[in-house]
Amino acid sequence: MKYMLLRHRDVPNINQIDIYQKNGGFDALKKAIKMKTDDVTNEVKEAGLRGRGGAGFPAGVKWSFMDNNNWPHYVVANADESEPGTFKDREIMESNPFQFLEGIAICSYAVGANAAYIYLRGEFWEVAHFLDEKIEEMEKAGFLGDKIQGTDYSLKIYTHLGAGAYICGEETAMLESMEGKRGQPRVRPPFPPSQGLYNKPTVVNNVETLTSVPYIINNGAKEYRKFGTDKSPGTKIFSLSGNVNKPGNYELPLGTTFRELIFEHGGGIPNGNTIKAIMPAGASSSMVVANDEALDTPMDYESVPNVGGDLGSASVIVVDDSISLDWLINKTVSFFEHESCGKCTPCREGAYWMKQLTSRIHNGEGTQDDVELLKSVATQIRGTTLCALGEFSTMAVVSSIERFPEDFEAKV
Amino acid sequence: MSLAEKYPQEIEKVLAKYPPEHKRSAVMALLFMAQREEGYINKQDKVDIAKILDMTTTEISAIVGFYSLYHDKKAGQYRIQVCTDIGCALRGADQYLADLCEKLDVKPGETTDDGLVTIEEVKCLAACDKAPMFQVQSNNGIKYHEQMTVDTTLELIEALRKDAKEAK
């Protein structure tokens, strides 16, 4: 298969503007700005492109929710990539930046935004400066700035650096952070397409989602749907990490099986060990038992829940039989305890309790009662927080205790 | 000198990114600017930024406290921030950090005797396939170093020492 997103692997130096242009770059933008804005949105809707940041919400539908009685409109690209196990957006931005920026421009045109922001996690300092250069090159070439390609449409794209906070990947926390506040989630509704940045209608889309857009506009929804499954069309970048021989990003059609990703592309499990569990959505995952049924499950939004997980941002962490899960959930819980923004008490206090408990159990100082208490605390966090972080912090905990009880029995 | 006197053009450029009635959005960029010289944000910086953006210093302090890349205490000139989160840990990052600390005779959070390098343990940096890895936060911004060993890290630290000496 030729690459749709990681095109730099087919075309060397595609991060240079002349090479990007020679290889069809900006054709989609030129085509889009001659179309009616609704037609652009409809094409993306028909393509069935789903948000690649984790939630899988249809991008075109989100665009169509923009409130046309409230102006100006904004587009914010979510480049906060912070889910442990996810490292795809950085590769796109470093190696195929123009396709990403072109995607932002098409989205902005479709929703009538004249300003778009790229919110990058603060650690992506070098990426932000690199993108600033690429934006300038696009302005000079007439693909950004005033009156793009002789039309009446103008667009400025700005980078905005965060400063280290996982929660800012949650779209309303991101908007708070952009407004110069602490990044804490808002009460929803209203959702950003009604009231987003500066209380104006705003589309927030993930980097990979936006990078998928030029292909759809160039080739049409029908062509896009030739990849992936009926309900999860297109290709997706799977970030593969953990106990696997060849970790890295793999762009594959949605619906590829775990087995193909881990064993064919990823080269299998190192040191003669056996695969034990899969975390398909990074630290926010349930621990999926890596049996034959799971390995033969297609990785798409509908199928992964059948084996007790979620596709999320498709950050597939492989865990082999040398790992005891009491250690692993201590890691996941420590992450969420650190990253909880503190706004909702169940998440703030619950993650702290879970960290104490998992530390105690992992250090061999826990009892079976502690395991029960841990599960009880986790269950009580669920459904009581404004954003999904609270929920995420419990996924690996509860599923590990339920599906791998022997790992805990051995410790208490 | 106040921040506004030090970097007038740069501040102007940052403010131009946002609608004039929402200049508060520039706070994150200004905090990075303030941190550039000494590696942390001091009291006067907070007062300066509050003045530029019509905010209170309390609001500024709340933001400094919330985000992990802002610091309000002095540390080494280079902060080596090692990721030991899940992906990296499954590929040996905990052992790498322990070995590195032993060689440097510091614990995570501590600074080498010459005051140059602080070793910190941090959460996921989105480079899980290239562990062990860390970022260096310094007055030059933030730079990633991937697929590192203790030996290549010590070489890097030597190079940083040389740079610091020459700069003096």
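The model is a predicted one.

Start with the sheet in chain A. Four strands make up an open sheet, laid out in the order β3-β2-β1-β4, and the pairing is parallel. The edge positions go to β3 (156–161) and β4 (202–206) of chain A; each has a single partner strand, so one side of each has no neighbour in the sheet. From one strand to the next, the twist averages 20°. Strands of a sheet pair through backbone hydrogen bonds, either parallel or antiparallel. Strand β2 of chain A, residues 113–120, runs parallel to β3(A) and is joined to it by 6 bridges. Within that pairing, A:Tyr119 has A:His160 of β3(A) as its bridge partner.

Two helices of chain A lie across pairs of these strands. Helix α7, residues 125–140 of chain A, lies across β2 and β3 of chain A and runs at about 170° to β3(A). Over β1 (73–79) and β4 of chain A sits helix α9, residues 207–224 of chain A, which runs at about 95° to β4(A).

Helix α9(A) turns up again around another helix, α3 of chain A. What covers the buried residues of α3(A) includes this α9 along with α2 (27–32), α4 (59–64) and α6 (97–111) of chain A. The buried set in α3(A), which spans residues 37–47, is A:Val40, A:Thr41, A:Glu43, A:Val44 and A:Ala47. These residues span an arc of only 155° around the axis, so they sit on the same side of α3(A). An α-helix has 3.6 residues a turn, so residues three or four places apart point the same way. The other side of α3(A) carries A:Asp38 and A:Asp39, which are exposed. Just past the end of α3(A) comes A:Gly48, with a positive phi of about 75°.

That leaves the contact between the chains. Here, 32 residues of chain B touch 37 residues of chain A. On the chain B side, α3 (27–35), α5 (57–66), α6 (86–89) and β4 (141–145) of chain B each provide at least two of the residues that touch chain A. Of the elements of chain B, α3(B) gives the most to this side, with 4 residues. Sorted by class, the side of chain B that touches chain A holds 20 nonpolar, 6 polar and 6 charged residues.

Technical notes: Residues numbered from 1 in each chain as written. Chains lettered and ligands numbered in written order. Predicted model: local features only at pLDDT ≥ 70, side-chain atom pairs only at ≥ 80, totals over all residues. Contact = placed C-beta atoms within 7 Å. Nonpolar A, V, L, I, M, F, W, Y, C, P; charged D, E, K, R; others polar. Pairing = 2+ DSSP bridges. Axes fitted to C-alpha atoms, helices over the stretch in contact; angles between N-to-C directions. Buried ≥ 20, exposed ≤ 12 C-beta atoms within 10 Å, placed from the backbone. Arc of directions from axis to C-beta.
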